Amino acid sequence: MLRIHFTSEDLTRVRVAPGPDFLWEITNSVQTLQRTDGERVFGAWRRWALPRLPESRRLLSPLLPPRGYSPDFLTPTSGDRTTFGAAVDTLLGTPRPRLRAELTRLAGTRRLPGWAASLAEGDPDALARLGKALHAYQAEALVPHWRHVRAALEADRALRTRHLMDGGTEALLAGLGPDVQWRPPVLEVTYPVDQHLRLNGRGLVLQPSFFCWPAPTTLADGDLPPVLVHPIHHAADWADSAEPATGGRSPLGRLLGQTRADLLRAARTGCSTVEAARMLQVTHPAVSQHMNVLRAAGLTTTVRTAGRAFHVATAEGRALLASEDRRTGRGVGVNPRP
């Protein structure tokens, strides 16, 4: 059992993460790939993904076992995590003493491949190899589904916001699912080991995760910024659409062009030029050019801050996306987990 101890100050400092965390989705999906439960939700995705990931999965799986301890440095809670590249750079910048301590702890629970010893010492070649594996895994296993991941987490965030609006922070905590019980001032979470997390005024980030399964998880080191990563309710069509279509265009793609349609979907919950380029595997100038067209049509708006462009779908853009969702039956409504 995981017990998270709140003070009155902590209850005022609970927040829901604004969207998916790149590295938590990698961590949870690599672990989910190694499991056999959750077949109805993840079975089709596993069958699609496994043949595509021989090298990156071979490198990442030993570091991310399906049960038990996984190193916290693989899911950093500080640094720049606004884009996937920045998140990976933050991970690869982990101080050597922390790498050594966490990988030594992992080695105490299972046998690690020989290159893990070099990684523990911060060897540049080993770090570069890890970074390459992360980028390859993201591109092959997650990018084809990222639009669906973002939409599902947007729906989950809307659900959490409704709980908060209707019943305050305690209703938000109580509504996290059957594996979570709110017993003031302690949040009890079904967990494979006994762990106490004392917030001591630091608050708590609730991080919804598409691939988290079957119960919530957190960092092993209670001194790190507190986060509770929890599963979402999966849309009924996910199992049927786990293998992305490779032929033809969506109705919205036929209207706008597929790249612009994909950019509009990415902008539903907001994205930077860099993030959109990486998700869609197009150049930055191409993103800017297509966004200019979408913006001129009133479907997106762009905010510039600190030298970066951040694109958000307007109400008209979201209405167009919602209309396509209704026509194709691919809405982002939620159903209870099995």
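Helix 9 spans residues 146-174 and has 29 residues, yet its end C-alpha atoms are only 28 Å apart. A straight helix would reach 42 Å at 1.5 Å a residue. The expected span is 1.5 Å times one less than the number of residues. Helices here are DSSP runs of H or I with at least four residues, strands are runs of E with at least two, and both are numbered from the N terminus. Helix 9 bends by about 135 degrees at Gly 167. The bend at a residue is the angle between axes fitted to the seven residues ending there and the seven starting there. Buried residues of helix 9 include Trp 146, Val 149, Leu 153, Arg 160, Thr 169 and Leu 173. Buried means under 20% relative accessible area, exposed means over 50%, and partly exposed lies in between (1.4 Å probe, protein chains only).

The model is predicted: local features need pLDDT of at least 70, side-chain atom pairs count only at pLDDT 80 or more, and totals for chains, interfaces and linings use all residues. Residues are numbered from 1 along each chain as its sequence is written, and side-chain values use heavy atoms, with hydrogens and water left out.

The protein holds 14 helices and 11 strands. Of its 338 residues, 50% are buried.

The largest nonpolar core has 60 residues. Such a core is a set of buried Ala, Val, Leu, Ile, Met, Phe, Trp, Tyr and Cys residues joined through side-chain atoms within 4.5 Å. Ile 26, Trp 45, Leu 63, Leu 119, Leu 130 and Tyr 137 touch the most other members. Helix 8 (residues 124-142) gives the most to this core, with 8 residues. A second core is separate and has 18 residues, among them Val 16, Val 180, Leu 204 and Leu 228.

Leu 63 touches Ser 70, Pro 71, Leu 74, Leu 103, Leu 106, Trp 115, Leu 119 and Leu 130, leaving aside residues up to four places away in sequence. Pro 62 lies in the loop between helix 4 (54-60) and helix 5 (84-92). Pro 62 is partly exposed, because its relative accessibility is 21%. With residues up to four places away again set aside, Pro 62 touches Arg 57, Leu 106, Arg 110, Leu 112 and Pro 113. The C-alpha atoms of Pro 62 and Gln 31 are separated by 9.8 Å, although these residues are 31 apart along the chain.

Helix 3 (residues 39-49) also has a buried set. Its members are Val 41, Phe 42, Gly 43, Trp 45, Arg 46, Trp 48 and Ala 49. These buried residues pack against helix 2 (22-33) and helix 8. An α-helix has 3.6 residues a turn, so residues three or four places apart point the same way.

Strand pairing requires at least two DSSP bridges between two strands. Strand 1 (residues 2-5) and strand 5 pair in the parallel sense over 4 bridges. Ile 4 has Leu 197 of strand 5 as its bridge partner. Side chains alternate along strand 5 (residues 195-198).

An open sheet is formed by 4 strands in the order 2-6-8-7, with mixed pairing. Strand 2 (14-16) and strand 7 (217-218) are the edge strands, each pairing on one side only. Strand 6 (residues 204-209) and strand 8 (residues 227-231) run parallel and are joined by 5 bridges. Gln 207 has Val 229 of strand 8 as its bridge partner.

The whole structure contains 10 salt bridges. Each is a side-chain nitrogen of Lys or Arg within 4 Å of a carboxyl oxygen of Asp or Glu. Asp 37 pairs with Arg 35, the closest N and O atoms being 2.7 Å apart. Asp 37 is partly exposed at 26% relative accessible area, whereas Arg 35 is buried at 10% relative accessibility. Glu 188 forms a salt bridge with Arg 183, with 2.8 Å between the closest N and O atoms. Glu 188 is buried at 17%, and Arg 183 is partly exposed at 47%. In the salt bridge of Arg 13 with Glu 9, the closest N and O atoms are 3.9 Å apart. Arg 13 is partly exposed at 44%, and Glu 9 is partly exposed at 45%.

Terms used. Contact = heavy atoms within 4.5 Å.
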